[in-house]
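Dear colleague,

Please find below the structure that I am handing over to you. My findings follow directly after it, and I would be grateful if you could read them beside the model.

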Amino acid sequence: SRLNGERELTLTAPRMGAAIDEGHVLLERKLAISGDEPLHDTMIRCKVESAALAVDAIALCLTGAPGTPVAPGGAYRSFPKRPDVARYRATVGRIL
């Protein structure tokens, strides 16, 4: 997020394995984060791009493509808590 200084997000379509991080990545797309775009608009763009990614990943699954092994140490983010939102508002600004 912009709060952590990132300039882009990575959307990933995984082929699930039996355990966390055991599957393969079918597709991956980068989404630029605009410094002046409200968080709400960024979230909408993520959802739209994720839907397109899911359609492409399903098509890829039907071909039997194995994907690429998941790289160790991925970036995981939990849902923000109230202090995170307060810090975002104080540091970055608008949510809507």
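A disulfide is counted here when a pair of cysteine sulfur atoms lies within 2.5 Å. The structure is a predicted model, and by this rule the count of disulfides in it is zero. Two cysteines may be described individually. Cys46 is buried, with a relative accessible area of 13%, whereas Cys61 is partly exposed, at 32%.

Cys46 also belongs to the largest nonpolar core. Seven residues make up this core: Leu11, Ala13, Leu26, Leu31, Cys46, Leu53 and Ala57. At least two of its residues come from each of β1, β2 and α1 (39-62). The largest share is that of α1, which supplies three residues.

If neighbours within four places in sequence are left aside, Ala57 is in contact with Ala13, Leu26 and Leu27.

Finally, I would draw your attention to Ile20. This residue is located in the loop that lies between β1 (8-15) and β2 (24-32). Is Ile20 buried or exposed? Its relative accessibility is 78%, and Ile20 therefore counts as exposed, the cut-off for that class being over 50%. Along the chain, Ile20 and Val70 are 50 residues apart, while a distance of 9.9 Å separates their C-alpha atoms.

With kind regards

Notes. Residues numbered from 1 in each chain as written. Predicted model: local features only at pLDDT ≥ 70, side-chain atom pairs only at ≥ 80, totals over all residues. Heavy atoms only, no water. Helix = DSSP H or I, 4+ residues; strand = E, 2+ residues; numbered from the N terminus. Buried < 20%, exposed > 50% of the residue type's maximum accessible area, 1.4 Å probe, protein only. Core = buried A, V, L, I, M, F, W, Y, C linked by side-chain atoms within 4.5 Å. Contact = heavy atoms within 4.5 Å.
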